Amino acid sequence: MNPTVVAIVPAYNEGERIGRTVGALLRTGRLVRVLVVDDGSADDTAERALRAGAEVLRLPRNRGKSVALAAGVSASPEEVFLFVDADLGDSAERVTDLLDPVLAGQADMAIAAWPAAGREGGFGIVRCFSAWLVRLFTGKHIANPLSGQRALIRPVWQCWRGSVGYGFEVALTVDALRAGWRVAEVPLPLSHRALGRSLPGFLHRARQLCHILYTVVARCLPW
């Protein structure tokens with residue numbers, strides 16, 4: 001018998017898309033429940049998630065994705081987690097494909113490999129640098145270490161040593177690989193709201209790069 005699975009969706013001011021994301025996940029019939037962690041949103045994210053059929057855990061203020069996910073895991077007795085970004089909309093239905101290698105015992109964590117972003121995304125600098133960091137610290141090649149769409153068993157989550165801001169996904173990847181867990185990548189036709197090659201997009205990726213570098217390098221320091 002397969003273990004039960006919960007989808008944990010961290011969400012901050014995602015009222016526009018959260019209903020479609022939750023609906024897409026529930027339509028698959030593969031989840032015990034969908035838990036939306038409202039990370040201190042100022043809009044109607046929580047209300048729309050509830051109307052779409054999700055359970056909602058509200059955090060009193062915005063703490064960031066990793067804190068929201070940790071709160072969701074703490075509130076979930078399930079042994080398999082599906083992490084899903086709130087802005088996927090209807091494409092979230094495909095994220096459940098990540099469960100296949102995990103439930104079949106072929107991987108301990110499965111990561112969604114996104115299609116090429118084209119001009120809607122950046123130039124791939126942060127992704128390539130992050131992949132290089134993962135290889136440097138683990139000896140393993142993971143092409144999409146920035147992907148937030150993941151299926152994993154509880155022991156993989158328990159090896160996560162913490163992270164700073166946007167460094168969460170790379171940190172979890174590094175910690176899982178260094179602990180000896182099997183990590184697989186699964187190509188999926190997903191879509192989300194992209195910042196593109198705009199000033200906000202470049203600023204976002206600059207912060208992301210700083211957080212990733214600090215988080216990964218800190219793993220080699222004695223504190």
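Analyst: Let us begin with one residue in this predicted model: leaving aside residues up to four places away in sequence, Val-34 touches Ala-7, Val-9, Val-22, Leu-25, Leu-26, Ala-54 and Glu-55.

User: Which residues of the largest nonpolar core touch the most other members?

Analyst: In soluble globular proteins, nonpolar side chains tend to be buried together. Here the largest nonpolar core has 62 residues, and those touching the most other members are Leu-25, Val-34, Val-36, Leu-82, Phe-83, Leu-98 and Trp-157. Helix 7 (residues 168-178) gives the most to this core, with seven residues.

User: Are the residues on the two faces of strand 4 buried or exposed?

Analyst: In a regular strand the side chains alternate between the two faces of the sheet. In strand 4 (residues 80-83), Val-80 and Leu-82 lie on one side, Phe-81 and Phe-83 lie on the other, and all are buried, so that both faces are covered.

User: How does strand 4 pair with strand 1 and with strand 6?

Analyst: Strands of a sheet pair through backbone hydrogen bonds, either parallel or antiparallel. Strand 4 pairs with strand 1 (residues 5-11) in the parallel sense over four bridges, with Val-5 opposite Val-80, whereas four bridges join strand 4 to strand 6 (residues 150-153) in the antiparallel sense, where Leu-82 has Ala-151 as its bridge partner and Phe-83 stands opposite Arg-150.

User: What is the order of the strands in the sheet?

Analyst: The open sheet has seven strands in the order 3-2-1-4-6-5-7, with mixed pairing; strand 3 (55-59) and strand 7 (183-187) are its edge strands, each pairing on one side only.

Note on methods
Residues are numbered from 1 along each chain as its sequence is written. This is a predicted model: local features need pLDDT of at least 70, side-chain atom pairs count only at pLDDT 80 or more; totals for chains, interfaces and linings use all residues. Side-chain values use heavy atoms; hydrogens and water are left out. Buried means under 20% relative accessible area, exposed over 50%, partly exposed in between (1.4 Å probe, protein chains only). Two strands pair if DSSP finds at least two bridges between them. A nonpolar core is a set of buried Ala, Val, Leu, Ile, Met, Phe, Trp, Tyr and Cys residues joined through side-chain atoms within 4.5 Å. Contact means heavy atoms within 4.5 Å.
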